[in-house]
Amino acid sequence: MSDGAAGLLAPEAIRLDARARGRDHAIRVCGQVLVDTGAVEPAYIDAMLERERSISTYLGEGVAIPHGTSVGRDLIHRDALAVVRFPDGTDWDGHPVTVCIAIAARGDGHMEILAELAQVLMDPVRARTLREATEPGQVLALLAPQETQEPQPTEQEHPV
């Protein structure tokens, strides 16, 4: 497997102390991080807002994954992620959101990213760590490919 999500996330694209006055403002904050890191054109933010108007990018567990429409792909310079944490939370259509993971992907690479993010969010400990992260290194470690270890059989699984 590739570096996946961690490979698309530059440390300077992690903001852990942001504030937002609601969903659209949070999307603008996330999009601006992608602009500031040179991943997208400023107009990509409008594509992110348009996507949100057509279908919510709220995932649950206090996490949203704003991204642009397919029309916005021409505004992307390179595939990238931005992780923006809102410690005080922000209202996302009635859901409290504390972490936004903004995605800029020209092709279908975002599908692998979404699968990796789902793995993080399905693990309550990793999801909580993401929501409470205070250092960029914590976020990068969470999104790094997990080492898979073969489970050791127990005596109960293999009776003699």
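**Close-up views of charged pairs and the nonpolar core**

**View A. Arginine 53 and glutamate 50 sit about one helical turn from each other, being 3 residues apart in helix 3.** Helices here are DSSP runs of H or I with at least four residues, strands are runs of E with at least two, and both are numbered from the N terminus. The two side chains form a salt bridge of 3.7 Å, N to O; the term means a side-chain nitrogen of Lys or Arg within 4 Å of a carboxyl oxygen of Asp or Glu. Arginine 53 is exposed at 51% relative accessible area, while glutamate 50 is partly exposed at 40%. The salt-bridge count comes to 6.

A word on the model: it is predicted, so local features need pLDDT of at least 70 and side-chain atom pairs count only at pLDDT 80 or more, whereas totals for chains, interfaces and linings use all residues. Residues are numbered from 1 along each chain as its sequence is written, and side-chain values use heavy atoms, leaving out hydrogens and water.

**View B. Arginine 23 forms salt bridges with aspartate 24 and with aspartate 93.** The N to O distance is 2.9 Å to aspartate 24 and 3.0 Å to aspartate 93. The second pair links distant parts of the chain, with arginine 23 in helix 2 and aspartate 93 in the loop between strand 4 and strand 5, 70 residues apart. Arginine 23 is buried at 16%; aspartate 24, at 25%, is partly exposed, as is aspartate 93 at 47%.

**View C. Glutamate 52 is buried but has no salt bridge.** This residue belongs to helix 3. Its nearest side chain of opposite charge is arginine 23, 4.7 Å away (Lys and Arg count as positive, Asp and Glu as negative; His and chain ends are not counted). Beyond four places in sequence, glutamate 52 is in contact (heavy atoms within 4.5 Å) with Arg23, Ile27, Thr57, Tyr58 and Trp92.

**View D. Leu34, Ile101 and Val139 touch the most other members of the largest nonpolar core, which has 49 residues.** Elements giving two or more residues to this core include helix 2 (23–36), strand 5 (95–104) and helix 6 (136–143). Such a core is a set of buried Ala, Val, Leu, Ile, Met, Phe, Trp, Tyr and Cys residues joined through side-chain atoms within 4.5 Å. Leaving aside neighbours within four places in sequence, valine 139 contacts Leu9, Ile14, Leu16, Val83, Leu130 and Ala133.

Technical notes
Buried means under 20% relative accessible area, exposed over 50%, partly exposed in between (1.4 Å probe, protein chains only).
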